[in-house]
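Visitor: I am new to this structure. Could you show it to me and take a few questions?

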Amino acid sequence: AHHVELLKLQLAEKTSVGAAEFASHLIIGVVGIMFLLFASVSLGLLFGDLFDNLALGFFLVAAIYLVLFLVFLLAKKSLLKKPLTNYTIKKIFEDED
């Protein structure tokens with residue numbers, strides 16, 4: 001009976017820590033996306049000013065994102081999958097003493 005109670009407490013702790021971490025990552029992600037959105041628009045306007053062609057400015061920003069997309073697509077295992085898997089496993093087995 002005590003063992004079951006201990007497991008329930010440990011599960012509650014892990015769940016609450018996981019939920020809090022998820023919420024904090026979500027907030028950070030939303031703020032990061034907002035920053036990226038405004039920075040992208042600003043960069044598009046800047047490039048448009050530099051080249052006297054607004055469409056070209058936004059096309060250049062899109063081209064930068066395309067290059068980043070291709071880099072992540074080609075190297076997703078080493079840049080994304082492995083680090084995220086290791087992080088998740090570490091968090092699951094981490095002691096909160």
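Guide: First, a definition. Helices are DSSP runs of H or I with at least four residues, numbered from the N terminus. The model here is a predicted one.

Visitor: Which residue forms a salt bridge with Glu5?
Guide: A search of the whole structure finds two salt bridges. In the one with Glu5, the closest N and O atoms are 3.8 Å apart. A salt bridge needs such atoms within 4 Å. The partner of Glu5 is Lys8.

Visitor: How many residues apart are Glu5 and Lys8?
Guide: Both lie in helix α1. Their spacing is about one turn of the helix. That is three residues.

Visitor: Are α2 and α3 roughly parallel or roughly perpendicular to each other?
Guide: Helix α2 covers residues 54–74, and helix α3 covers residues 76–93. Their axes come within 5 Å and cross at roughly 70°. Angles of 65 to 115 degrees count as roughly perpendicular. So α2 and α3 are roughly perpendicular.

Visitor: Which residues in α3 meet α2?
Guide: By class, the contact has six nonpolar, no polar and one charged residues. From α2 come Val71, Phe72, Leu73 and Leu74. From α3 come Lys76, Leu79 and Leu80.

Visitor: Which element gives the largest share of the lining of the largest pocket?
Guide: The largest pocket has a volume of about 250 Å³. Of its 12 lining residues, the closest to its centre are Val17, Gly18, Glu21, Lys91 and Ile92. The elements giving two or more residues to the lining are α1 and α3. The largest share, six residues, comes from α1.

Notes: Residues are numbered from 1 along each chain as its sequence is written. This is a predicted model: local features need pLDDT of at least 70, side-chain atom pairs count only at pLDDT 80 or more; totals for chains, interfaces and linings use all residues. Side-chain values use heavy atoms; hydrogens and water are left out. Axes are lines fitted to C-alpha atoms, for helices over the stretch in contact, and angles run from 0 to 180 degrees between N-to-C directions. Angles under 35 degrees count as roughly parallel, over 145 as roughly antiparallel, 65 to 115 as roughly perpendicular and the rest as oblique. Contact means heavy atoms within 4.5 Å. Ala, Val, Leu, Ile, Met, Phe, Trp, Tyr, Cys and Pro count as nonpolar, Asp, Glu, Lys and Arg as charged, and the others, Gly among them, as polar. On a 1 Å grid over the protein atoms alone, a cavity is a set of points where a 1.4 Å probe fits but cannot get out, and a pocket is an open set with protein on both sides within 12 Å along at least five of seven lines; lining residues have an atom within 4 Å of a point. Grid points are joined across faces, edges and corners, and a volume is the space filled by probe spheres set on the points. A salt bridge is a side-chain nitrogen of Lys or Arg within 4 Å of a carboxyl oxygen of Asp or Glu.
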